[in-house]
Amino acid sequence: MNFALTEEQEAVRKMVRSFVDKEIMPFIQEWDAKQHFETSILKRLAELDLMGVCIPEQYGGMGMDYNTLAIVCDELERGDTAFRTAVSVHTGLNSMTLLQWGNEFQKEKYLTPQARGEKIGAFGLTEPNAGSDVAAMQTTAVKDGDYYILNGSKTWISLCDVADHFLIFAYTNKEKKHHGISCFIVERTFPGVTTKAIKGKLGIRAGNTGEVFLEDVKVPAENLLGEEGEGFKIAMSALDNGRFTVAAGACGLINACLEASLKYCHERKTFGKEIGKHQLVQQMIAKMVSSLETSRLLVYRAGWLKNEGKRNTRETSLAKWYACDAAFNAASDAVQIHGAYGYSNEYPVERFLRNAKAPVIYEGTREIHTIMQAEYALGYRKDKPLRKMLPAWPFEE
């Protein structure tokens with residue numbers, strides 16, 4: 001086992017950290033308060049070649065390994081969850097799914113401009129009545145000659161108002177339940193596609209999240225991703241990648257909580273000494289240190305399996321579950337350490353706590369992941385080979 005990052009990975013970490021310090025940190029409180037998604041950040045990430053960091057060079061990406069994507073997400077969430085979410089959705093849920101399941105025509109037309117950051121990708125699985133219960137979705141796709149006609153709606157879709165391409169999941173045969181779901185590449189410019197942002201969120205207020213409406217949308221048959229009825233498998237494999245980035249981002253949030261708390265511990269004095277000298281405060285600091293190190297190890301193990309081209313559903317689920325719970329606990333402790341000041345936006349920890357709640361819910365609630373881990377341990381759940389796997393790293397030319 002080698003726990004050292006490569007020189008390239010260290011360089012990426014340093015670059016993203018510098019970017020966050022200069023271009024996100026000074027403005028994030030204002031963006032969060034105004035519920036404003038700053039799209040120029042996506043353009044800057046594209047200029048730094050970070051929108052396709054783990055996509056092969058032949059498709060416009062940097063060609064780096066999957067753990068480098070984890071490092072990018074870790075550092076971005078240290079700035080704010082909104083911008084890690086953008087990379088999670090664009091790269092993890094959309095682009096990596098195209099890389100795994102797309103044919104050469106689809107990769108050239110959609111993946112390449114996304115990897116370059118010229119186009120933005122989003123992911124449409126969740127519906128008003130279909131979250132954890134994917135089979136409850138109502139969106140349909142009816143074959144009509146060389147097209148599919150899509151009708152339905154999706155909700156809680158990140159990047160809904162800025163994405164150029166959506167991966168939309170719909171029933172092509174409702175009688176087959178899970179086996180009747182298919183996946184389609186839908187362009188924003190297709191007639192019948194409209195979106196609407198959701199305001200008033202508890203956290204991730206600086207992000208763009210909302211609804212996607214599909215009304216008699218004609219989607220070319222060539223935009224069917226994979227085969228008819230393969231949509232559920234595509235969605236679940238996409239979530240392996242999305243959950244990986246969410247877990248990596250949670251590490252960044254724990255780190256942000258730790259950095260803010262350490263700074264405050266040295267600044268604030270009570271009973272004649274720095275509050276960091278109080279043992280119960282030290283206990284909360286120690287828990288952050290422990291959870292950060294543990295979370296990163298779980299994330300990097302999942303990334304190693306991805307690099308090896310191996311199934312990683314169990315390992316990624318564990319990383320996502322543990323790291324997101326740990327981030328929420330770290331944020332709660334950070335507010336506690338800051339006392340009354342932690343309850344105001346004078347310090348960033350109140351934003352950390354608000355942001356930390358959503359990842360405990362999305363891309364598999366902690367309850368879903370709890371069940372998954374128990375079923376793996378009991379032998380009730382086993383991962384079967386997929387028709388197409390995410391390519392191993394290093395990528396073949």
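How many nonpolar, polar and charged residues does the lining of the largest cavity have? The legends below, which describe close-up views of a predicted model, take up this question first.

**View 1. The lining of the largest cavity, by residue class.** In this predicted model, four nonpolar, five polar and four charged residues make up the lining of the largest cavity. The lining comprises 13 residues, and those that lie nearest the centre of the cavity are Gln100, Asp240, Asn312, Met389 and Leu390.

**View 2. The largest cavity and the helices that line it.** When the whole structure is searched for cavities of 30 Å³ or more, one is found, and the volume of the largest cavity is about 110 Å³. H7 and H8 are the elements that give two or more residues to its lining, and the largest share, three residues, comes from H7.

**View 3. The packing of helix H7 against helix H8.** Helix H7, which spans residues 231-267, packs with helix H8, which spans residues 279-307, at an angle of about 155°, and the axes of the two helices are 9 Å apart. Because angles over 145 degrees count as roughly antiparallel, H7 is described as roughly antiparallel to H8.

**View 4. The crossing of H7 and H8, with the residues of their contact.** The crossing in which H7 passes H8 is left-handed. Where H7 is in contact with H8, the residues of the contact divide by class into 16 nonpolar, six polar and three charged.

Terms used: Residues are numbered from 1 along each chain as its sequence is written. This is a predicted model: local features need pLDDT of at least 70, side-chain atom pairs count only at pLDDT 80 or more; totals for chains, interfaces and linings use all residues. Side-chain values use heavy atoms; hydrogens and water are left out. Axes are lines fitted to C-alpha atoms, for helices over the stretch in contact, and angles run from 0 to 180 degrees between N-to-C directions. Helices (H or I, at least four residues) and strands (E, at least two) are DSSP runs, numbered from the N terminus. Angles under 35 degrees count as roughly parallel, over 145 as roughly antiparallel, 65 to 115 as roughly perpendicular and the rest as oblique. A crossing is left-handed if the near helix is turned anticlockwise from the far one by less than a right angle, and right-handed if clockwise. Ala, Val, Leu, Ile, Met, Phe, Trp, Tyr, Cys and Pro count as nonpolar, Asp, Glu, Lys and Arg as charged, and the others, Gly among them, as polar. On a 1 Å grid over the protein atoms alone, a cavity is a set of points where a 1.4 Å probe fits but cannot get out, and a pocket is an open set with protein on both sides within 12 Å along at least five of seven lines; lining residues have an atom within 4 Å of a point. Grid points are joined across faces, edges and corners, and a volume is the space filled by probe spheres set on the points.
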